[in-house]
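Here is a short report on one protein chain. Keep the structure in view as you read.

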Amino acid sequence: MAGDQVIGQVEALRISLSAHEALGEYEESLVIARRLVQLEQKNTGNRWFLIKCLVRDGEHADAWTTLSSGDELIDPREKDEAKLWISLLSKYSTDPKWITHALRVMRSINDPEVTAAFLPHLITAQGSYENAPKTLTQEINAEIQHFSDEYPTHSSFRVYKGSTEDTLEQISLHLKEREEDPGRIAFLDGISNGDFPVGCATIITGKSHAELVILRVSGLVRSHDTQTAKENAESVKRARGKHVILDTSAAVTIGLLDEETRLALCGEFSVIKSTAAEYRDALHAQESLDGKASLNSGWSRSQQRLVINQITEDEAKRYALRAQKTLQILKATRRRSWDSIKHLGAVSQLGPWTLTVDFALEQKVSLWCDDVAVQKLARAFGVSTFGTADLLRELSDAGAIDRNIARLAESVLISNYHVDLGFNHEIMVLSAELDSWRPAGAAAALSRAGAWTVPDHAIDFFHIAAAKTAEADPGALSGWVECAARGVMAAVDNDALKSSKNIRVLLHKCMTSLWYKESHLFFILRGIRNAIDDWGDVEDPLPQTLGELHQNFIDEYGEVLAKSFLLLHVKNLDERDKNLAARIILTRTRD
């Protein structure tokens, strides 16, 4: 009798489970999956379904517990389960003998996709397996050899054969072919320019959205658009006290802020929601950015060669901490499994980040997002949206948070390369101080056209930065000059004639400032030339500037002293510039 009741309950639960799955109600599916495992503990199918539900929800540790609980580890039945099985086993198993078990499973399934997924884990595990049997190493090498013979150009696992030099050449050719693909270049340039959402890069890099945001793959963080600032402010007003959807980009941003400010911002909403897909994505970022210094190789388009890039231990720890905070923030939200697009149609092909926009559209609530390209897309589909800077300013204006706290928070954003937030002298100074006046986030903000809406304000700030660095760190001075030069060119839409004029004005202001010394000219010119190198039609400002300077010296001191003063200015420059000064003097003498 009791057995019949259990059978009936199981059948009812399975019918309910199918309905919830069809409707995308995955939280309910997870509850039922747990109950089915309790009722039928020896049912392998139930355990596998629960494992998949847990992984879908980002709960990998619980998935491993389910996989390994009971009398023995359950084996996968098909290739998708096999890929999940090896990822959990290699991450959580403490028994190195699992390698032998994994080899047996890989052979039994005998699928190239499964083998390609297993081999990297086996190679890594073998390297850390102390006193591993020689036969095990031989078996793994035999599998690698067999796979490379059968699938020499497999996209997921490829073996390069030959000497070290031949191998490096093969890798270089492979990376060059990929990195110099015109479509890939145009796509990444579009992301760098802010035309495409950062999340689009997941398609061609294989990295998680959260990792791309944390690593700033776009270079600058475009989290605010002055053209939509009023509309975004209205979105904040409507969203306060209600439900909002948190995008990964905003989760990374608020992870930069102190806990008190972060809680104050999040506390403005009754419920903050996110998707399970975002959480899984952030989990992948945390696993990838594990805090260890590392090396990685890539093809340099500018140098036309294979280059090795090293992430220092401090950088790695910083990235790991940001990934950890992002994960914690998303974990604290009310997560919903939302794994299929219902409203955005073909836009879904741009990457998994589109699920968050689709979810906001489904829920009919505002999207908190720090990627202006995503904001633009969301608005096109009728989703109300705002960024962290919009939220800070609206709450400050409404008296909900202290104005000084809001300004400090905004300076943190700028320090972390958030640009186009407008120009506020106090906030820019705070941001530069956070970076010890290195040419970092605040300098990047100065390189944008919006910073030069009122040129006098921008140039006053630039002079403060230059005065702070000219003597202490002339190399940093070059960085500040370069960003200021880019800013004055951007302010005139990089028009060649207007940019040339602005660059000459910038150089003149540097050379006539109180902080300027002749020894600084080399570093000033280096910054200016780095900026104008990207724009071939912009004139080098030195010839005209030196000519005018020489004439001023003549008018005030006469030709003899003018010659000495001009040569004093160029004594630290390269031979080309010294020859230029000599020609100016000789031309004047002949006249």
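## Strands side by side

Start with strand β1, residues 243–246, and strand β2, residues 271–275. They pair in the parallel sense, over three bridges. Across from H243 stands V271 in β2. The model shown here is predicted.

In general, strands of a sheet pair through backbone hydrogen bonds, and the pairing is either parallel or antiparallel.

## The whole sheet

These strands belong to an open sheet of five strands. Read across, the order is β5-β2-β1-β6-β7, and the pairing is parallel. Which strands lie at the edges? They are β5 (334–336) and β7 (385–386), each of which pairs on one side only.

A helix packs on this sheet: α18, residues 354–363. Helix α18 touches β1, β2, β5 and β6 (366–368). The directions of α18 and β2 make an angle of about 135 degrees.

## The chain as a whole

Now step back. The protein chain has 30 helices and seven strands. Of its 591 residues, 47% are buried. Take the contacts in the chain with a separation of 6 or more: 64% of them join residues 24 or more positions apart.

## Two helix pairs

Look next at helix α21 (residues 403–415) and helix α22 (residues 425–434). Their axes are 8 Å apart, and the helices pack at an angle of about 55 degrees. That angle makes α21 oblique to α22. The crossing of α21 past α22 is right-handed. On the α21 side, the residues that meet α22 include R407, L408, S411 and I414. On the α22 side, I427, L430 and L434 are among them.

The second pair is α3 and helix α5 (residues 79–92). Their axes come within 12 Å and cross at roughly 65 degrees. Angles from 65 to 115 degrees count as roughly perpendicular, so α3 and α5 are roughly perpendicular to each other. Here the crossing is left-handed. Helix α3 makes the contact with W48, I51, K52 and V55, and helix α5 makes it with E81, L84, W85 and L88.

L54 lies in helix α3, which covers residues 44–56. Is L54 buried or exposed? Its relative accessibility is 0%. Buried means under 20%, so L54 counts as buried.

Which residues does L54 touch, leaving aside its neighbours within four places in sequence? They are L30, R34, E59, D62, A63 and T66. R34 sits 20 residues away from L54 along the chain, and their C-alpha atoms are separated by 9.7 Å.

Finish with helix α27, residues 521–532. It has twelve residues. From first C-alpha to last it reaches 16 Å, close to the 16 Å expected at 1.5 Å a residue.

Which residues of α27 are buried? They are L521, I524, L525, G527, I528, R529, A531 and I532.

Conventions: Residues are numbered from 1 along each chain as its sequence is written. This is a predicted model: local features need pLDDT of at least 70, side-chain atom pairs count only at pLDDT 80 or more; totals for chains, interfaces and linings use all residues. Side-chain values use heavy atoms; hydrogens and water are left out. Helices (H or I, at least four residues) and strands (E, at least two) are DSSP runs, numbered from the N terminus. Buried means under 20% relative accessible area, exposed over 50%, partly exposed in between (1.4 Å probe, protein chains only). Contact means heavy atoms within 4.5 Å. The expected span of a helix is 1.5 Å times one less than its number of residues. Two strands pair if DSSP finds at least two bridges between them. Axes are lines fitted to C-alpha atoms, for helices over the stretch in contact, and angles run from 0 to 180 degrees between N-to-C directions. Angles under 35 degrees count as roughly parallel, over 145 as roughly antiparallel, 65 to 115 as roughly perpendicular and the rest as oblique. A crossing is left-handed if the near helix is turned anticlockwise from the far one by less than a right angle, and right-handed if clockwise.
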